[in-house]
Amino acid sequence: MRIYDVIAKKRDAKELTEEEIKFFIDGYVKGNIADYQMSALLMAIYLNGMSYKETAILTNCMAHSGEMIDLSSINGIKVDKHSTGGVGDKTTLIISPIVAACGVPVAKMSGRGLGHTGGTIDKMESIPGMKIAIEKERFFEIVKEVGLSVVGQSGNLVPADKKIYALRDVTATVESIPLIASSIMSKKIAAGSDRILLDIKVGSGAFMKTKEDAIELGKTMVAIGEKVGRETVAIITDMDRPLGKAIGNSLEISEVCEVLKGRGPEDLRQICIELSANMLYLANKGTLDECRSMAIKVLDNGEAFEKLKAMVLAQGGDVSVLEDNSKFAKAKIKGELISEKDGYIYSIDTEKCGISAMVMGAGREKKDSIIDYSAGIVFNKTIGEYVNKGDVIAYLYCSDEEKLKQGKKILSDSIKINDIAPNIVPLIQARITKDKIEKF
Ligand code: URA
């Protein structure tokens with residue numbers, strides 16, 4: 001087989017066979033296929049797409065390109081959850097303890113922040129002492145003892161995705177539904193859970209800018225899950241506003257604790273209840289309504305918060321900062337974004353909010369940038385709220401005057417104030433299962 005012929009076949013919009021897909025994945029991981037040939041093939045896939053069958057084969061080949069985690073020694077149905085990446089998205093650290101408190105084990109590998117989007121592992125590392133690089137045996141032990149553990153991704157998980165993602169990033173081929181679907185699903189499959197819940201973000205802060213594209217991505221991933229025997233549900237959620245009020249690592253952990261103490265912003269609480277209910281549903285815990293009630297119960301009676309604390313303790317973290325968030329290290333400077341006129345907060349460009357927080361130190365501008373865990377933004381007003389001239393829209397936390405100035409300018413540009421109130425779309429826009437698509 002020649003890679004030239006595989007590229008030509010996809011260029012001519014023909015369906016690739018299993019042998020051809022295996023050939024280019026194995027060849028690329030082993031270094032037998034050059035970057036320029038893989039780039040040409042990725043662009044052909046970007047332009048001509050892939051059938052569900054091709055995408056499922058691609059996903060399976062990628063998943064098997066490295067280590068496959070075997071979670072079978074942990075009793076019960078293991079359900080994983082994946083978010084396609086957002087701003088202020090701290091749901092993993094709320095829903096994992098909820099689900100664990102309801103008796104479903106969570107053995108989860110999470111990632112770091114990427115560009116303007118945050119990452120669970122960075123947020124966890126803002127807790128003093130917290131370890132996220134944990135040997136597999138200890139990871140399993142913690143799941144068995146506590147009911148949950150969230151750790152960093154193992155080094156040899158899906159090497160094909162690592163190589164291909166780096167190439168997509170520099171060849172304008174990231175925003176392709178089959179390529180995104182295979183990238184995410186290969187990692188979920190290799191990570192070993194039996195069932196998968198996907199939180200697909202849509203809006204200005206997300207990869208998917210329209211509901212139609214988000215639904216298409218959801219359908220593709222649910223179909224892949226079916227083909228490889230891992231039941232998958234996809235929820236489409238709004239990312240035209242940051243989730244909750246806080247963006248930035250320790251600021252987000254404080255907000256996680258608020259929600260787990262039965263308080264916190266209503267949008268964040270709602271989305272966490274919905275995602276937890278769907279994970280419990282996938283774990284055969286009952287109907288969706290019954291699962292919602294279970295999630296609300298453990299949120300409100302504090303059992304979910306106790307689970308988070310038990311995990312943090314087991315992974316070496318300082319639990320006292322969770323009980324008293326004022327113990328987190330503080331940013332040196334607190335700035336304010338003040339409204340310059342009266343009106344409704346009409347729109348918030350979420351990507352810009354993420355960039356603002358990143359510039360102030362909450363994320364990495366370069367791969368090796370050092371994160372300032374105390375940096376970020378806390379909104380005082382949100383989309384649809386009326387503000388008067390002089391009102392504080394958001395507080396900014398930073399330890400460098402120049403960075404604060406830059407962050408404030410970007411944040412200010414992200415917010416539009418208007419005389420008329422915006423039409424606010426529902427936080428949860430659609431739910432996709434193997435049987436149906438429900439739109440809300
Ligand atoms: N997240 C991933 O892991 N892969 C993609 O391609 C896009 C988002």
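Ser 149 sits in strand β3, which runs over residues 148-152; strands here are DSSP runs of E with at least two residues, helices are runs of H or I with at least four residues, and both are numbered from the N terminus. The model is a predicted one, where local features need pLDDT of at least 70 and side-chain atom pairs count only at pLDDT 80 or more, while totals for chains, interfaces and linings use all residues. Residues are numbered from 1 along each chain as its sequence is written, and side-chain values use heavy atoms, with hydrogens and water left out.

Back to Ser 149: this residue counts as buried because its relative accessibility is 0%. Buried means under 20% relative accessible area, exposed means over 50%, and partly exposed is what falls in between, using a 1.4 Å probe and protein chains only. Leaving aside residues up to four places away in sequence, Ser 149 touches Val 106, Ala 107, Lys 108, Phe 139, Ile 142, Val 143, Met 311 and Gln 315, where a contact is heavy atoms within 4.5 Å.

Another serine, Ser 374, turns up in the loop between α16 and β9. With 9% relative accessibility, Ser 374 counts as buried. Its contacts, again not counting residues up to four places away in sequence, are Ser 250, Leu 251, Ala 329, Lys 330, Ala 331, Tyr 397 and Ser 399. The Ser 374 side chain also makes a polar contact, at 2.7 Å, with the side chain of Asp 372. A polar contact is a pair of N or O atoms within 3.5 Å; within protein, one must be able to donate a hydrogen and the other to accept it, and residues adjacent in sequence count only if both atoms are side-chain atoms. Leu 404, Gly 407, Leu 411 and Ser 414 are the buried residues of α17. They cover an arc of only 85° around the axis, which puts them on the same side of α17; the arc is that of the directions from the helix axis to the C-beta atoms. The face turned away from this buried side carries the exposed residues Glu 401, Lys 405 and Lys 409. Among the elements that cover the buried residues of α17 are β7 (333-338), β8 (343-348), α16 (350-362) and β12 (415-418). At the N-terminal end, α17 is capped by Asp 400, with a side-chain oxygen 2.9 Å from the backbone nitrogen of Glu 402.

Helix α12 (residues 266-282) has 17 residues that should span 24 Å at 1.5 Å a residue, which agrees with end C-alpha atoms 24 Å apart. This helix is mostly covered, with 13 of its 17 residues buried. Just after α12, Asn 284 takes a positive phi of about 65°.

Finally, there is the ligand, surrounded by Tyr 165, Arg 168, Ile 180, Ser 183, Ile 184, Lys 187 and Phe 207; a residue is near a molecule if one of its heavy atoms lies within 4 Å of it. Both α8 (159-170) and α9 (177-190) supply at least two residues of this shell, and α9 gives the most, with four residues. For Ser 183, a polar side-chain atom lies 2.6 Å from a nitrogen atom of the ligand. The protein covers 92% of the 240 Å² of accessible area that the ligand has on its own, with areas from the Shrake-Rupley method and a 1.4 Å probe; for residues, only the protein chains shown count as cover.

How values were computed:
The expected span of a helix is 1.5 Å times one less than its number of residues.
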